[in-house]
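Please keep the sequence and the structure in view while reading.

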Amino acid sequence: MATNLQATRVAEVTTNQSALCSLSETATKPLVEEQPLYSSAQSQPREELASLLHAEVADPGKPSIPCSRHVPWFAWPLLVASLVAFSSAAVVFASISDVPTCTLAAWRLQLTTFLLTPSAVYQFWHLPADDRKRLRKDILLVLASGAFLGVHFFFWVWAIHHTSVTHAMLFASSTPLLISIGTLLLRKPISTGEIVGTCLGMVGVVLLTRANKVDQQVTLAGDLSAFLTAVFFCGYLIIGAHLRKWLPIFLYATPVTGFAALLLSLAALAFGEATLLGPGNTGLFGYVTDKAYLPKILYLAVVPGIIGHTGFNALLKWMPALLVSLALTLEPLVGTFIGWAIGVAQVPGVWTYSGGAVLLGSTAIVVVAGDKRQQAASAAASESPDNKEIVFFQDSTGHSDTARDIELAEKH
């Protein structure tokens, strides 16, 4: 599930768009005073800090494209192919059970970095001088994003090997619920639908934790690790949303992925999981010359990471972002079926069925409610004659991001 560039995964295609920007205030300290989301002179909300997890390409001066747009016939098979590619990642990780956690996660990100580097070099070569200077100024943010990604991958791989594939994907897909919880804690605007969905999600989590008593593959430690996967992915998204506003996709993904790979490689060496030149599962680059590992690691880097990710981003051109986001909530179902078909996942028990259904349903409720709230807030802001943009982030170059800037950040 968590596949990088996927790593840009959710920053560009996934769920609960409006609420995440509210969380970004806690990740980056604003250098200017925040204006209230609600004006004392009017009851309607100002434009909220907007969509980070899924959005459509839009011109800030033009109305958004309606959902009744024409969808070409090939978009539907592309949606299915992208979903299958994305959902297969956890299954392939589960099939590589004899490689230590840090080593396996490092392999995945090492190869991804290698494949992305040529495109990053090309984009850097054509990057304006001002943006090159800004990149040097924001290098700490890039490294922080890579650190979040690396920890995210560590917990993701560990969870897959210590609980069922179904549970790992269900908990790791709970990012929209975490965003809503964070929004509530920060006392930011949130809709009733999002609150209801979040409460239902908690019920689903409780039901899922009951499965460890009857399902031998399920463990509370593995479920907790999968939950932490979603927590650290939120941190990755918050930082990535700011950087992706101006930084080209490959020029962002490559150093972030590369730094995550470096951290995991150093951890593998420090924990004694691998040696620098060891063969097979004992080597930091052992997959390169191993015929058993190389095809699987290559698959993880290319199919879920690049093809699946690119496919979902391409779909945003023809399909509403809400539809793409809801399709992504099916990942645990598709991944479970793939895992069962190839023998790495068991048929889920009754607690997993019931808890999973509630959790997926609650996630869909949060996604839909968040999308409606965002549309209403944007409409209210556009109708307000004295609307002032909210400046919530200012980087080391003095550049400020407004609410509209952040709304458009992941639409490109």
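## Helices α14 and α16

The crossing of α14 and α16 is right-handed, a crossing being right-handed if the near helix is turned clockwise from the far one by less than a right angle and left-handed if anticlockwise. Contact between them, meaning heavy atoms within 4.5 Å, is made by Leu322, Ser325 and Leu326 of α14 and by Ala364, Val367, Val368 and Asp371 of α16. By class this contact has five nonpolar, one polar and one charged residues, where Ala, Val, Leu, Ile, Met, Phe, Trp, Tyr, Cys and Pro count as nonpolar, Asp, Glu, Lys and Arg as charged, and the others, Gly among them, as polar.

The axes of α14 (residues 321–328) and α16 come within 10 Å and cross at roughly 165°; these axes are lines fitted to C-alpha atoms over the stretch in contact, with angles from 0 to 180 degrees between N-to-C directions. The two helices are therefore roughly antiparallel to each other (angles under 35 degrees count as roughly parallel, over 145 as roughly antiparallel, 65 to 115 as roughly perpendicular and the rest as oblique).

## Basis of the model

The model is predicted, so that local features need pLDDT of at least 70 and side-chain atom pairs count only at pLDDT 80 or more, while totals for chains, interfaces and linings use all residues. Residues are numbered from 1 along each chain as its sequence is written, and side-chain values use heavy atoms, with hydrogens and water left out.

Helices are DSSP runs (H or I, at least four residues), as are strands (E, at least two), numbered from the N terminus.

## Helices α5 and α12

Helix α5 (residues 101–125) and helix α12 (residues 249–270) have axes that come within 7 Å and cross at roughly 150°, and they are therefore roughly antiparallel to each other. The residues of their contact divide into 16 nonpolar, 11 polar and no charged.

## Helices α9 and α10

The axes of α9 (residues 175–185) and α10 (residues 192–209) come within 9 Å and cross at roughly 120°, which makes α9 oblique to α10. Their crossing is left-handed. Among the residues making the contact are Leu177 and Ile181 of α9 and Gly197 and Met202 of α10.

## The lining of a pocket

The lining of the second largest pocket has 10 nonpolar, four polar and no charged residues. Helices α8 (165–172), α15 (331–342) and α16 (350–383) each supply at least two residues of that lining.
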